[in-house]
Amino acid sequence: MTRPNILILMVDQLNGTLFPDGPADWLHAPALKALAARSVRFRNAYTASPLCAPGRASFMTGRLPSRTGVYDNAAEFASDIPTFAHHLRRAGYQTCLSGKMHFVGPDQLHGFESRLTTDIYPADFGWTPDYRKPGERIDWWYHNMGSVTGAGVAEITNQMEYDDEVAFNAEQKLYDLARGADTRPWCLTVSFTHPHDPYVARRTYWDLYEDCDHLLPDVPAMAYEDHDAHSRRIFDANDWRSYSITEDHIRRARRAYLANISYLDDKIAGILKVMEATGQEAIVVFVSDHGDMLGERGLWYKMTFFEGSARVPLMIAAPGVRPHRIDVSVSTLDVTPTLCELAGVSLDEVLPWTDGESLVPLANGARRTAPVCMEYAAEASYAPLVALREGRWKYTRCALDPDLLFDLEADPHERTNLAGDPAHAETLTRLRAQSEARWDLARFDAEIRASQARRWVVYEALRNGSYFPWDFQPLRDASERYMRNHMDLNVLETSKRFPRGD
């Protein structure tokens with residue numbers, strides 16, 4: 001069979017509530033709006049875990065963090081867990097990654113045949129939380145509120161430098177693919193780090209939002225004591241007492257964040273333009289690893305199951321899939337089985353250990369009733385949290401905290417916890433029973449603590465004496481680039497040209 005090419009466009013920390021049906025009308029994002037017009041758009045898509053490494057490992061495998069063991073941003077992603085890159089490569093695809101995937105451990109490929117850039121975050125165990133020390137802030141890598149108070153304009157940052165490189169390498173790879181030296185179908189994953197904080201944007205994009213009406217959150221900051229227990233832990237982890245956040249800080253941080261969506265839109269436009277110019281066709285997937293609270297309730301960044309943090313944009317443009325909006329809740333866990341079905345690749349051998357399900361039947365009109373599952377077990381938690389999104393309901397459970405139950409149809413901003421309301425006792429009992437059947441929280445907690453303890457020992461040992469980094473080192477053999485004396489100039493000039501001349 002002829003298998004379709006696949007282009008995955010992944011971004012980092014993009015709030016899904018800004019994509020009610022593709023990008024919100026007021027966002028300056030023409031490329032993403034054009035992509036949305038030819039895509040099936042999932043209005044209520046959720047991350048498997050609202051943090052980079054666990055969310056991405058789950059996205060790539062279709063497995064929750066409790067199955068991958070990637071609980072936090074410093075947990076090793078085991079090499080024997082198949083990813084969509086493994087499944088596709090096994091079926092004859094060439095698989096390539098340009099950009100971030102936050103792999104932790106010595107395996108920095110996880111099924112990708114080639115990788116064009118290094119990662120932007122460390123690959124070792126240095127960011128390991130420690131449940132043995134609840135309340136400890138690891139100051140040199142925990143979030144603080146400096147990203148909010150320092151928001152503004154810059155022409156270059158660490159993250160802009162990275163994403164400029166990601167986009168450039170992706171475009172060059174697409175030109176190489178067009179030349180046809182390798183006739184296999186391809187899957188190219190292009191993964192950016194924006195609009196992840198810090199909230200700093202180039203002037204060109206900053207100026208687009210000067211008169212924006214969306215620079216303040218819908219739900220303003222609340223008093224610390226009015227928050228749920230986990231939100232209070234997030235405030236403490238973010239060292240909120242050391243900062244005084246003003247309305248101007250909030251406006252500037254949100255403005256920079258929105259500006260960086262437009263920055264990404266330009267990058268994506270460039271990639272899609274190369275596709276068009278070279279006549280290449282592909283399934284296109286647009287997705288984020290998790291969201292950003294953006295000051296709603298006074299919370300920033302992620303680490304929570306509230307909508308701003310847990311909901312993500314998800315759009316898929318594929319032949320035979322009618323462009324339309326789907327409101328049923330889905331998960332990033334569903335992307336791997338979806339890609340495999342679209343590519344005609346069987347997952348039968350791993351289905352018993354997969355938490356996601358293909359979105360193709362849903363996109364073609366089938367009903368879906370399975371709840372969306374989420375887990376969180378990283379910084380700002382002292383024990384794992386789990387959640388279910390089923391229909392209008394979102395239910396959260398943690399051994400340390402009272403249950404949370406929200407009716408997202410009546411209360412989209414999750415202001416009223418219904419867990420203590422007798423009128424909703426039946427719903428609470430039903431969802432709690434589903435949660436308890438799926439998760440043994442005591443066992444989950446014990447597995448996390450064992451993993452953390454092992455990693456602290458290993459990390460401290462490996463930082464003593466000679467240090468060998470696991471970070472991916474992209475190597476390019478200069479002797480095989482451009483013109484060299486072991487090459488035939490006539491063959492070279494013809495083979496590297498697209499389209500080829502006479």
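Tutor: Happy to! Our residue, Thr-61, has its place in helix H2, which covers residues 52–61. Keep in mind that this is a predicted model. Thr-61 has a relative accessible area of 3%, and because buried means under 20%, Thr-61 counts as buried.

Now look at its polar contacts. The side chain of Thr-61 reaches the backbone oxygen of Ala-57 at 2.8 Å. A polar atom of that Thr-61 side chain also lies 3.1 Å from the backbone nitrogen of Arg-63. Leaving aside residues up to four places away in sequence, Thr-61 touches Thr-68, Phe-77, Ile-81, Pro-82, Thr-83 and Thr-336.

Let's step back to the strands. Eight of them form an open sheet with mixed pairing, in the order E5-E4-E7-E1-E9-E11-E2-E12. Its edge strands are E5 (114–115) and E12 (324–326), each pairing on one side only. Within the sheet, E9 (residues 283–288) and E11 (residues 314–317) run antiparallel and are joined by four bridges. For example, Phe-286 has Met-315 in E11 as its bridge partner. Helix H1 (residues 30–37) packs on this sheet, where H1 touches E2 (40–42), E9 and E11. The direction of H1 makes about 60° with that of E11.

Finally, here is a pair of helices. H6 (residues 158–179) and H9 (residues 247–277) pack at an angle of about 10°, with their axes 9 Å apart. That angle is why H6 is described as roughly parallel to H9. By class, their contact has ten nonpolar, one polar and four charged residues.

Conventions
Residues numbered from 1 in each chain as written. Predicted model: local features only at pLDDT ≥ 70, side-chain atom pairs only at ≥ 80, totals over all residues. Heavy atoms only, no water. Axes fitted to C-alpha atoms, helices over the stretch in contact; angles between N-to-C directions. Helix = DSSP H or I, 4+ residues; strand = E, 2+ residues; numbered from the N terminus. Parallel < 35°, antiparallel > 145°, perpendicular 65-115°, else oblique. Nonpolar A, V, L, I, M, F, W, Y, C, P; charged D, E, K, R; others polar. Buried < 20%, exposed > 50% of the residue type's maximum accessible area, 1.4 Å probe, protein only. Polar contact = N/O pair within 3.5 Å; in protein donor to acceptor, adjacent residues only side chain to side chain. Contact = heavy atoms within 4.5 Å. Pairing = 2+ DSSP bridges.
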